[in-house]
Amino acid sequence: MFLINCPYCGERDQSEFTAGGEAHIVRPKQPTELSDNQWAEFLFMRKNIKGVQFERWNHTHGCRKWFNMVRDTSNDKIYAVYKMGEKPPIK
Amino acid sequence: MQNMKNKYSIFSLIKNAFSYHENWQRAWRDPEPKKEYDAIIIGGGGHGLATAFYLAKKHNMTNIAVVEKGWIGGGNTGRNTTIIRSNYLWDASAGLYDHALKIWEGLSQELNYNVMFSQRGVMNLAHNLQDVRDLKRRTHANRLNGIDAVWLNTEEVKKFCPIINTSPDIRYPVLGGTLQKRAGTARHDAVAWGYARGADAMGVDIIQNCEVKGIKRNGNRVEGIETTRGFIKAKKIGVVAAGHSSVIANMVDLKLPLESKPLQALVSEPVKPIIDTVVMSNAVHAYVSQSDKGELVIGAGTDAYVSYTQRGSHDVVEGTLKAILELYPIFSRMKMLRQWGGIVDICPDASPIISKTHIKGLYFNCGWGTGGFKATPGSGDLFAHTIANDEPHKLNADFNINRFVSGDLVDEHGAAAVAH
């Protein structure tokens, strides 16, 4: 339970948002050429980090836009919010 | 086990009464870690301790250790809502969970430790026509697998649990339900304590306050673990770290199909007996039972984002309590006493992983998500088999890690018989 600073709407309660999981997992350019292992990697395998994680969120009950967020999963502290397509502001 | 020096019995109870119960022996030792073990289990929760217990009892592996970051009973074993059932739809799940239920039925005797297993029944409610079809289908599937299940209509639900509001006027009226009479509850931390005591009596070292910091590898084989209490050598390492499974996996650059999320539960102030069974509702996501102390034990849902904070969001609890109040208006004046969260590791198919990995000597038992407690004895038994033989038992063969590559998922989003 925390506040999220939506890049379009400003600070709102987390319950207005939907988490979309780990960010920056690029959909394979040539899906037909993927091996089963590569598909499993893309579809299912996750870092599931305890610590600073890059993730996607959607402001479901607001502007309904997707954006990225950097959050520490061990204490829910948010370090950065940035729009889709933008490079992460921190490493 | 029967030769255990300090067997609990009516005689030991009377004997200790004379010394005002001040001389009870320790339930398990507090040993220093040895330099090397035949196998190490990472994680001293119910599943990890059960694994160690069955490794020693059934596979004669007694030179083993369980390492635990915190203390025994302090993790998810002491945080769940203690529900035990095996009424799963698919054959693979039914086999796994009913194996566990059969062990539960004799567990207090096997461990010489009262785990307060109570077969008070678990009832799952249906609130719409699709629920009715799904649950009837599941009843038939259960029977074909030799698992007891009956369908109850609305009147029979009301008769079985009179405090449920079965009025047709509520938002999600009760159209019926299923009942598994062999299902029920157990005292959750007693399960960890009982397994710890039983494993310790056979020579297993239970090492608490010992956090794993790294896994040492030599090529494609494990050699031991780096811990806060030094390096410990072992050829076989079984990881049973629940919500922290990915943290351990990341130490060997292994990615797992898991996401860790807080799952909440809460209990009310204690009251006189009012509900003598477990009632779960799929559609409205509410389940409730009453502990022997008299508290209502209520399970809420998970937060829908990755987090390792053991608390969870208020709106999740609020949603659950709304559903509880609609089904049980009688609880409207109850005060909630405590609320807590545990970190659960959830697979994309919401079924567990009990499996070897591509790294020799490294085994994972994880992905139990929101419904692992009920499987504790079976999970330990099958994981012990997998570690001892370096091959899965036929009951956990389907729960291997390669199913995410082959696509042969055990797609049963019913880990807690609630919608996910």
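**Helices, sheet and interface**

Helices H3(B) and H10(B) are roughly perpendicular to each other, because that label covers angles of 65 to 115 degrees, while under 35 counts as roughly parallel, over 145 as roughly antiparallel and the rest as oblique. The model is predicted, so local features need pLDDT of at least 70 and side-chain atom pairs count only at pLDDT 80 or more, while totals for chains, interfaces and linings use all residues; side-chain values use heavy atoms, without hydrogens and water. Residues are numbered from 1 along each chain as its sequence is written, and chains are lettered from A and ligands numbered from 1 in the order in which they are written.

The axes of H3 (residues 91–104) and H10, both of chain B, come within 7 Å and cross at roughly 110°. Axes are lines fitted to C-alpha atoms, for helices over the stretch in contact, and angles run from 0 to 180 degrees between N-to-C directions. Helices (H or I, at least four residues) and strands (E, at least two) are DSSP runs, numbered from the N terminus. H3(B) brings Leu96(B), His99(B), Ala100(B), Ile103(B) and Trp104(B) to this contact. H10(B) answers with Thr376(B), Pro377(B), Gly378(B), Asp381(B) and Leu382(B). Contact means heavy atoms within 4.5 Å. By class, six of these residues are nonpolar, three polar and one charged. Ala, Val, Leu, Ile, Met, Phe, Trp, Tyr, Cys and Pro count as nonpolar, Asp, Glu, Lys and Arg as charged, and the others, Gly among them, as polar.

H10(B) (residues 376–389) also meets H2(B). Their axes come within 7 Å and cross at roughly 55°. That makes H2(B) oblique to H10(B). From H2(B), the residues involved include His47(B), Thr51(B) and Lys58(B). Among their counterparts in H10(B) are Phe383(B), His385(B) and Ile387(B). This contact holds eight nonpolar, nine polar and two charged residues.

H2(B) (residues 46–59) has a further partner in H7(B) (residues 188–201). Here the axes come within 9 Å and cross at roughly 30°. The two helices are therefore roughly parallel. Their crossing is left-handed. Leu49(B), Ala52(B) and Phe53(B) are among the H2(B) residues in the contact, and Ala192(B), Tyr195(B) and Ala199(B) among those of H7(B). Nine of the contact residues are nonpolar, two polar and none charged.

Now the sheet. Eight strands of chain B form an open, mixed sheet in the order E5-E6-E4-E13-E14-E15-E12-E16. Strands pair if DSSP finds at least two bridges between them. E5(B) (150–152) and E16(B) (336–346) stand at the edges with a single partner strand each, so one side of each is left without a neighbour in the sheet. The twist averages 20° from one strand to the next. E5(B) pairs with E6(B) (residues 176–180) in the antiparallel sense, over three bridges. There, Trp151(B) stands opposite Thr178(B).

Chain A has one helix and six strands. From the N terminus, its elements run β-β-β-α-β-β-β. Its C-alpha atoms fill a box of roughly 45 × 25 × 25 Å, taken along the principal axes.

Where do the chains meet? 25 residues of chain B are in contact with 24 residues of chain A. The area buried between them is about 2100 Å², and carbon and sulfur atoms give 54% of it. Buried area is the accessible area (1.4 Å probe) that two parts lose on being put together, summed over both. Lys255(B), Tyr305(B) and Val405(B) supply 30% of what chain B buries against chain A, more than any other three residues.

Methods
A crossing is left-handed if the near helix is turned anticlockwise from the far one by less than a right angle, and right-handed if clockwise.
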